[in-house]
Amino acid sequence: MRVTPFRYADLDSLVPVQGARPGTLVLVLDSITDPRNLGAILRSAAFFEATCVVLPTDRAAEVTPLVERIAEGGSAAVPVVQVVNLSRTLQSLRDRGVQCVGTVLDGAEGDLRRHPWTSATALVLGAEGPGIRPLVRKSCDVLLSLAGPEAMPSLNVSAFATLALALARGVTPTPAS
């Protein structure tokens, strides 16, 4: 049996240099190294119809058969782009009219739940623990957080990605009756 390598997409074909289309939602993953998290994130990105998912070529999980299996079709439904430099990519997206929203635990300028998701957006998520790297953080237009209770201040990155994508798409949870 022969396995062909995963085919990464081209960012320029998904987010045109002339400017992003309304509704553009790019999910940027900084230093997500666990293939299981990547697979779960791809599944959520496909569910919420993200325009694409951007991964760095270094210090990050790649799309492998394990990732594809965990994504349950998500890796085929949402384009995945691999880039050399996330900071430069974010600047390129900003030049195309995309607002870069970084997610952080400390130093946030606002709450993810209150952000007006009206423009084309790049949602930047970092690795559990260190979060987004300093240069990537500086490349964001705004830094937002989603604080949990003191006993559990954060979520696993794949669970957080699902929640952040839902908020970005305007999906609000309704309480059970």
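**The sheet and its surroundings**

Trainee: In what order do the seven strands form the open sheet?
Mentor: The order is β3-β2-β1-β6-β4-β7-β5, and the pairing is parallel. Strands (E, at least two residues) and helices (H or I, at least four) are DSSP runs, numbered from the N terminus, and two strands pair if DSSP finds at least two bridges between them. Please note that this is a predicted model, in which local features need pLDDT of at least 70 and side-chain atom pairs count only at pLDDT 80 or more, while totals for chains, interfaces and linings use all residues. Residues are numbered from 1 along each chain as its sequence is written, and side-chain values use heavy atoms, with hydrogens and water left out.

Trainee: What does helix α2 touch?
Mentor: Helix α2 (residues 35–47) packs on the sheet and touches β1, β2 (52–56) and β3; contact means heavy atoms within 4.5 Å. The direction of α2 makes about 170 degrees with that of β1, where axes are lines fitted to C-alpha atoms, for helices over the stretch in contact, and angles run from 0 to 180 degrees between N-to-C directions.

Trainee: Changing topic, how many salt bridges does the structure hold?
Mentor: There are six, a salt bridge being a side-chain nitrogen of Lys or Arg within 4 Å of a carboxyl oxygen of Asp or Glu. One of them is between the side chains of R96 and D12, at 2.6 Å from N to O.

Trainee: Where in the chain do R96 and D12 lie?
Mentor: R96 is in the loop between α5 and β4, whereas D12 is in helix α1 (residues 11–14). The pair links distant parts of the chain, 84 residues apart.
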